[in-house]
Amino acid sequence: MGNGWHEWPLVLFTVLGQCVAGALIVSGLGWFAMKDDAAARQRLVRSMFFLWVVMGIGFLASIMHLGSPLRAFNSLNRVGASALSNEIAAGSIFFAVGGFWWLVAVLGKMPEALGKLWLLVSMVLGLVFIWAMTRVYQIDTVPTWYNGYTTLAFFLTAFVSGPLFAALLLRAARVMFNGATFAAISVLALLISIAVIVLQGISLGGIHSSVQQASALVPDYGSLQVWRIVLVAAGLGCWICPLVRRKEPAVAGLLLGLIMVLAGELIGRGLFYGLHMTVGMAVAG
């Protein structure tokens, strides 16, 4: 039993990867919207450097989980047959394609038509990456993971944290954008997350084996989920409160908000790993 923090490299990799994928989609939409302002586009591209820094941190964490870079390369040997290999391949392609788009764009060498297509492909690859992550945990012998809640939770992390990360990048680049729309997406994702927490908590009571009850895997499940929700709500509040007052959010406020949201999502992902229950004869009642 525990809170899942023994899997902290995977906690970091999945949460940061999903956040970056969501942020690339939203900041990419901002880039597309600035078709008549080349200077603003270039400022945004420069600020998007931090997307790839965070993605790099996530990949470093995943390598630490595997033990060595060599094992990371070996894990690609079964692409197409192994969900883990597919996840690493999808993440690597997303990182490489998106990162190369950024590099060429920041150098000002990207033709406009090619840049649009390349960025669009990178955004789609971000969604493919998240989907590949979800498949790793759809294991029929782990009944606490083998459900739609896992898939929902992974995508919801992207839509809770990604827009806020993108808002920070856009604000740092001094780019005007419709923050209220993207803030609404994050709020909706939070509300759905709360529903998932409640429904999943109820379902745990019906999952057990001859020796183990799923609800006993993480004794502090309820209280930690409350802390998660409080942190995410407070983090989004750092973004939403200025918008309600019709003011531009400060960069420092958005950064604080992002840190709080990520802290909340890290707690949630730690609980997810804490619910690991490898049994051959589990019963979902």
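Leaving aside neighbours within four places in sequence, which residues is Ser-193 in contact with? They are Leu-156, Val-160 and Arg-228, where contact means heavy atoms within 4.5 Å. This is a predicted model, in which local features need pLDDT of at least 70, side-chain atom pairs count only at pLDDT 80 or more, and totals for chains, interfaces and linings use all residues. Residues are numbered from 1 along each chain as its sequence is written, and side-chain values use heavy atoms, with hydrogens and water left out.

**Overall make-up**

- The chain holds ten helices and two strands. Both are DSSP runs numbered from the N terminus: helices are H or I with at least four residues, strands are E with at least two.
- In sequence order, the pattern is α-α-α-α-α-α-α-α-β-α-α-β.
- The chain has 285 residues, and 49% of them count as buried. Buried means under 20% relative accessible area, exposed means over 50%, and partly exposed lies in between (1.4 Å probe, protein chains only).
- Take the contacts between residues at least 6 apart in sequence: 80% of them join residues at least 24 apart.

**Helix 1 against helix 7**

- Helix 1 spans residues 8-33 and helix 7 spans residues 148-172; their axes come within 7 Å and cross at roughly 55°. Axes are lines fitted to C-alpha atoms, for helices over the stretch in contact, and angles run from 0 to 180 degrees between N-to-C directions.
- The two helices are therefore oblique to each other. The classes are roughly parallel under 35 degrees, roughly antiparallel over 145, roughly perpendicular from 65 to 115, and oblique for the rest.
- The crossing of helix 1 and helix 7 is right-handed. A crossing is right-handed if the near helix is turned clockwise from the far one by less than a right angle, and left-handed if anticlockwise.
- From helix 1, the contact uses Val-15, Gln-18, Cys-19, Val-20, Gly-22, Ala-23, Val-26 and Ser-27. From helix 7, it uses Phe-154, Thr-157, Ala-158, Ser-161, Gly-162, Pro-163, Phe-165 and Ala-166.
- By class, this contact of helix 1 with helix 7 has ten nonpolar, six polar and no charged residues. Ala, Val, Leu, Ile, Met, Phe, Trp, Tyr, Cys and Pro count as nonpolar, Asp, Glu, Lys and Arg as charged, and the others, Gly among them, as polar.

**Helix 1 against helix 2**

- Helix 2 covers residues 38-47 and packs on helix 1 at about 160°, with the axes 9 Å apart. That makes helix 1 roughly antiparallel to helix 2.
- The crossing of helix 1 and helix 2 is left-handed.
- Helix 1 contributes Ser-27, Gly-30, Trp-31 and Phe-32 to the contact, while helix 2 contributes Arg-41, Leu-44 and Val-45. These residues divide into four nonpolar, two polar and one charged.

**Selected residues in helices**

- Trp-31 sits in helix 1. Trp-31 is buried, at 8% relative accessible area.
- Not counting residues up to four places away in sequence, Trp-31 touches Arg-41, Leu-44, Val-45, Trp-101, Gly-115, Lys-116 and Leu-119. Trp-31 and Leu-119 are 88 residues apart along the chain, with 9.3 Å between their C-alpha atoms.
- Ser-193 is found in helix 8 (residues 179-204). Ser-193 is also buried, with a relative accessible area of 6%.
- Gly-222 is in helix 9 (residues 221-244). Gly-222 is partly exposed, at 42% relative accessible area.
- Gly-222 and Val-198 lie 24 residues apart in sequence and 9.2 Å apart in space, C-alpha to C-alpha.

**Cysteines**

- The disulfide count is zero, where a disulfide is a pair of cysteine sulfur atoms within 2.5 Å.
- Cys-241 is in no disulfide; the nearest cysteine sulfur belongs to Cys-238, 7.6 Å away. Cys-241 counts as partly exposed at 41% relative accessibility.
- Cys-19 is buried, with a relative accessible area of 1%.

- Most residues other than glycine have a negative phi.
- Arg-174 has a positive phi of about 60°. Arg-174 lies in the loop between helix 7 and helix 8 and counts as exposed at 56% relative accessibility.
- Arg-246 also has a positive phi, near 60°. Arg-246 lies in the loop between helix 9 and helix 10 (251-274) and is exposed, with a relative accessible area of 80%.
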